[in-house]
Amino acid sequence: MLLLEKRPVDSTLMRWASPVLALVLTVITGFVLFLAMGKDPVDGLKFFFITPISDLIGLAELGLKMAPLLLCAAGLTVCYRAKLWNIGAEGHFLIGALGASVMAVQLVDNSGFWVLPVVLLAGVLGAMVWAAIAAGLKTHLHCNEILTTIMLNYIALNLLLYVVHGPLKDPYGFGFPQSVMFSDSALLPALIPGTRLHLGLAFGLLAAVALWVLFARSFIGFQLNVVGQDHRAAAFAGFGARRLTWFAFLIAGATAGLAGASEVTGPIGQLVPQVSPGYGYTAIIVVFLGRMHAVGIVAASALLALTFIGGEMLQIAMNMPKAVTGLFQGLLLFYLLTCDAFIHYRVRLKPSAHQSTKAAVTAAHGEA
Amino acid sequence: MTAALRLKLENIVKEYPGCRANDGIDLTVEAGEIHALLGENGAGKSTLMKVIYGVVQPDEGRMLWNGHEVRVENPAQARSMGIGMVFQHFSLFETLTVAENIALSLPPEEARDRGALDQRIREVSERYGMALDPRRYVSTLSVGERQRVEIVRCLIQETTLLILDEPTSVLTPQEVTALFSTLRQLAKEGCSILFISHKLEEVRSLCHNATVLRQGRVSGDCQPAELSAAEIARMMVGDDTPISTQVSTAEPGDVLLDVRNLNWKSNDPFGTSLDQVSLNLREGEIVGIAGVAGNGQDELLKALSGEIRTDSGSMRFADTDLGSLAPDQRRKLGVAIVPEERLGRGAVPEMSLADNALLTASGQGLVERGMIRFGKVREFSREVIRRFGVRCTGENSAAGSLSGGNLQKYIIGREALQNPRLLVASHPTWGVDVGSAVAIHEALVRLRDEGAAIVLISEDLDELYQLCNRLGALCHGRLSPLAPTAELSIEQLGQWMAGEFESGEVAHAAA
């Protein structure tokens with residue numbers, strides 16, 4: 001019989017092998033699924049994983065999708081290190097997009113170098129306020145942050161829908177729910193001319209560097225780690241849990257807000273209802289896949305970005321449904337969590353029960 | 001003599017990953033014998049008990065029970081054979097009554113008739129002088145009474161071998177006396193008792209024979225009454241470890257900490273509230289706080305450390321009002337704390353020793369403009385390891401990988417190297433090997449001589465009498481007066497531990 005046994009020491013090898021193993025298992029499952037649907041699995045996997053990034057345009061698209069994932073994931077990592085389960089990056093992202101859009105529409109007739117920073121800042125601040133709601137609910141009313149952040153995501157989405165259908169709707173937009181196009185001064189410059197890749201990716205990479213500095217060098221990062229690993233030791237040391245909760249939520253709000261603001265001022269150029277294909281949720285997978293480490297989340301955000309464009313590619317090339325993106329993301333998270341169990345546990349063969357000795361015991365006891 | 005042989009272990013071996021906890025242990029216990037199992041923490045006592053009680057299976061070796069070879073698969077089987085065990089940490093449900101708790105461990109057919117069970121509980125408990133009301137809720141019982149529930153639970157199941165794991169560590173001296181007379185009576189009636197302890201005087205007064213373990217092996221068998229405590233201690237620790245500290249007399253200075261009528265109300269219905277606690281502490285002295293576990297020791301420590309906030313005005317430290325300050329602010333003033341739990345409060349188990357230095361010592365120039373100065377952290381950590389003889393592979397070892405004694409030395413060292421003005425240490429040598437305990441005691445005395453004021457919270461009366469200038473006891477969150485150690489009899493301290501603060505020299509029989 002197989003037995004799951006706690007390891008005396010966590011396996012470092014497994015900690016880093018687990019994401020790779022999860023990816024391999026996801027690919028294998030994808031292979032089987034393509035077969036089951038009567039599609040050519042080799043083609044399917046090629047269209048999903050390879051074709052999208054086989055040219056410069058494709059790579060630029062990858063970077064385009066990476067940027068919001070990386071920004072959201074960087075903020076979430078700060079929360080998750082402290083075991084604050086903020087699921088609200090999606091909401092922060094939407095409010096960031098909304099705030100930036102409101103400002104961009106206000107400034108649509110202005111031009112100058114200052115417009116873009118102001119627009120981005122509006123998004124960032126808006127999202128920080130949004131994150132502060134969840135932080136305050138947690139520190140002052142002891143509300144579970146998982147529930148409040150999920151609910152705030154829905155509120156944020158509906159708020160965005162209201163604004164885009166109402167106050168911010170382009171009066172000359174033939175009734176479509178979308179804002180006016182932002183002025184050029186409010187748009188992020190392209191990183192590679194001729195592609196859609198914009199400055200957002202640079203923000204993301206900077207966030208990753210900042211994340212690395214925070215946890216590898218700074219005292220506040222250390223305090224967040226202690227709160228996450230051992231809240232009693234943190235209380236003993238006097239690392240204020242409230243203060244750190246606020247810090248983590250505000251950082252998460254700021255980065256996800258910047259992601260949202262970069263999305264509307266980058267590839268989209270206006271506010272539309274479908275700002276996010278779920279970046280804020282996918283970023284959760286990025287964080288865990290990237291082992292809550294700066295380098296890890298850069299790699300993981302690239303992989304998850306690929307699932308978005310790979311999914312689109314499959315829709316076009318093989319006539320597959322859009323759900324294929326969510327399916328691959330879900331599989332990846334599922335296998336990752338499963339493989340992560342083996343960081344703390346190992347499988348052992350259990351020797352068969354000692355039937356013979358048991359009989360001897362009862363006999364002996366009877367005589368005694 | 002085989003008829004009288006109750007239990008015989010031959011060459012018991014139990015190996016855990018990275019440690020051979022039992023390495024060929026032989027042990028015999030006769031009917032009606034009180035047999036002590038001695039040894040330091042980590043010597044393999046607990047593992048051996050778990051083998052006998054069926055919690056773990058040995059890798060090698062034979063166990064003979066009343067002359068028959070047996071293999072105990074689980075505790076239920078052990079109980080049905082007549083082996084009962086009282087663990088150090090009781091396994092009782094506080095929200096159930098005494099009778100309900102006992103019924104839970106009985107076979108269903110015996111547990112069903114509650115009237116008869118109540119009757120049996122009364123009979124057994126009265127017969128052995130351990131009065132118990134079966135209808136009372138466990139949450140209302142004192143620690144001593146809870147232990148009685150555990151023992152009565154074993155006796156009701158016709159136990160012929162009773163294993164007690166450090167039973168006296170939670171009792172007042174008077175309760176210990178009562179327990180011992182019960183155990184002697186049990187032994188007289190033929191019940192064998194395996195008594196695990198590291199308190200040598202108790203073992204000498206109670207036990208017929210003793211087996212001493214060291215590093216998983218039997219290091220000697222003896223009749224404890226015929227040897228001195230020092231001779232037995234030698235068998236426990238080997239030849240090259242010092243077994244006691246020479247403590248010089250203290251020269252106390254000015255009052256440093258003045259606590260007056262400190263109150264704190266616990267939110268937990270089973271927690272302890274602090275009630276009018278007053279104490280003062282002078283530079284260069286050690287004040288000891290005795291008491292049975294769970295009488296407010298942890299709350300007092302937290303009130304002093306700042307982990308719980310109390311009303312302002314009740315605590316003065318030098319010229320500062322301490323009550324409203326956060327733990328890190330108090331630390332800046334020179335308050336150092338060594339909490340009872342080493343792992344999970346005093347240190348983060350998964351983090352390295354260096355990172356754990358940063359936990360409380362960040363004010364020692366280890367952090368500059370919000371950035372950690374890793375070189376300084378490592379240097380500080382290495383200094384602690386060197387000065388306090390912490391055995392580890394280096395400052396990168398995870399705190400959780402160190403033995404209790406070594407980690408405790410590290411934690412004490414971490415606080416001591418910050419030159420504290422006030423050190424509050426809770427159970428600093430609990431579960432620590434003798435060599436480390438001596439090192440820790442020496443460190444405390446050295447700090448005292450350098451002018452620090454020390455509060456020592458402990459259940460180990462020997463330790464308190466050895467180190468402290470003045471002693472008091474906590475009971476139900478109230479603190480007794482503090483008396484100079486030399487003038488305080490152990491009987492008086494025992495009464496204080498039981499909450500009788502006003503009664504003078506007249507000793508009331510413990511109810």
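Me: Before we start, what counts as a salt bridge here?
Reply: A salt bridge is a Lys or Arg side-chain nitrogen within 4 Å of a carboxyl oxygen of Asp or Glu. Keep in mind that this is a predicted model.

Me: Good. How many of those are there between chain B and chain A?
Reply: The count between the two chains is one salt bridge. E341(B) pairs with R232(A), and their closest N and O atoms are 3.4 Å apart.

Me: And polar contacts between chain B and chain A, how many residue pairs?
Reply: Five residue pairs are in polar contact there, counting pairs with both residues at pLDDT 80 or more.

Me: Which elements of chain B supply at least two residues to that side?
Reply: On chain B they are strand 5 (68–70), helix 2 (75–81), helix 11 (327–333), helix 12 (353–361) and strand 18 (371–372). Helix 12 of chain B gives the largest share, four residues.

Me: How many residues are in contact overall, and what area is buried between the chains?
Reply: Chain B puts 36 residues in contact with 28 residues of chain A. About 2,600 Å² is buried between the two chains, with carbon and sulfur atoms giving 66% of that area.

Me: Switching topic: how is chain B divided into domains?
Reply: Chain B has domain 1 (2–237) and domain 2, which is made of 255–340 + 421–497. Taken over C-alpha atoms, the centres of these two domains of chain B are separated by 33 Å.

Me: Last one. Where does T393(B) lie?
Reply: T393(B) is in the loop between helix 13 (374–387) and helix 14 (404–416) of chain B.

Me: Buried or exposed, and why is T393(B) classed that way?
Reply: T393(B) is exposed, because its relative accessible area is 81% and the cut-off for exposed is over 50%.

Me: Which residue does the T393(B) side chain join in a polar contact?
Reply: The partner is the side chain of S397(B), and the polar contact is 2.8 Å.

Definitions and conventions. Residues numbered from 1 in each chain as written. Chains lettered and ligands numbered in written order. Predicted model: local features only at pLDDT ≥ 70, side-chain atom pairs only at ≥ 80, totals over all residues. Heavy atoms only, no water. Contact = heavy atoms within 4.5 Å. Buried area = accessible area lost by both parts, 1.4 Å probe. Polar contact = N/O pair within 3.5 Å; in protein donor to acceptor, adjacent residues only side chain to side chain. Domains from an automatic or database assignment. Buried < 20%, exposed > 50% of the residue type's maximum accessible area, 1.4 Å probe, protein only.
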